[in-house]
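Look at the sequence and the model below. The paragraphs that follow go through a few parts of the chain in turn.

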Amino acid sequence: MYYTGKCNYYERYAQLNRLAYSHPIYVGKAVPKGWRQARTSDIPSQQSNELYRRLMEHSRNIEHGSGIEIDEFMCRFAIFEATGSDMIGTIEAALIKINMPLWNTMLDGFGNHDPGKGRYQQSKSEWDVIHPGREWANRCQGVTRNKEQILSDIRNHMNEVR
């Protein structure tokens, strides 16, 4: 995902992505059901809609997060089929290592799911501290990092983005 908006936290990304989407703020993956257990289907008629679901989930996260708007983001994706899907995790890891996207490396939590009943003693993610609004994140009761410390880390990261 590429940021192109006006949030001053991410101004550097918006500048760099103005002419070409070259600096992702987040890299993620969408894998077919059963992928981790090697139980996916190679039958063409059993088309996966996991990419669509994951993009919709990310859209909802952005829509609920304060200070950012869905129209401030663009995305690119690649679809790997059959045995090519075996490379999804490796490619995701390589893209994160090469690009060091803020929401993967420093500001953790954007891709998180609701931890579920009985697990709300954990801390709210740093992403949810900066962009509050996800209902389930408000149930997290653990000690969170100070917002000013997180913003300082974001500024430091932005100074390193080239």
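A helix here is a DSSP run of H or I with at least four residues, and helices are numbered from the N terminus. H157 is found in helix 6. The model is a predicted one.

Is H157 buried or exposed? Buried means under 20% relative accessible area, and H157 is buried because its relative accessible area is 11%. Setting aside neighbours within four places in sequence, H157 is in contact with Y13, M100, P101, L102, T105 and M106.

Which residues does Y10 touch? Not counting residues up to four places away in sequence, Y10 touches Y3, I25, I68, L102, W103, L107, I130, H131 and M158.

Now turn to helix 2. This helix covers residues 50–64, which makes 15 residues. The buried residues of helix 2 are E50, R54, E57, H58, S59, N61 and I62. An α-helix has 3.6 residues a turn, so residues three or four places apart point the same way. What covers the buried residues of helix 2 includes strand 2 (73–74) and helix 5 (126–130).

One is V31, in the loop between helix 1 (11–16) and helix 2. Leaving out neighbours within four places in sequence, V31 is in contact with E50 and I88. V31 and N49 are 18 residues apart along the chain, and their C-alpha atoms are separated by 9.3 Å.

The other is R134, in the loop between helix 5 and helix 6 (147–160). R134 counts as buried because its relative accessibility is 2%. Apart from neighbours within four places in sequence, its contacts are N61, H64, G109, F110, N112, S125, W127 and D128. With one of these, D128, the side chain of R134 makes a polar contact of 2.7 Å. R134 and I62 lie 72 residues apart along the chain, while their C-alpha atoms are separated by 9.1 Å.

Key: Residues numbered from 1 in each chain as written. Predicted model: local features only at pLDDT ≥ 70, side-chain atom pairs only at ≥ 80, totals over all residues. Heavy atoms only, no water. Helix = DSSP H or I, 4+ residues; strand = E, 2+ residues; numbered from the N terminus. Expected span 1.5 Å × (residues − 1). Buried < 20%, exposed > 50% of the residue type's maximum accessible area, 1.4 Å probe, protein only. Contact = heavy atoms within 4.5 Å. Polar contact = N/O pair within 3.5 Å; in protein donor to acceptor, adjacent residues only side chain to side chain.
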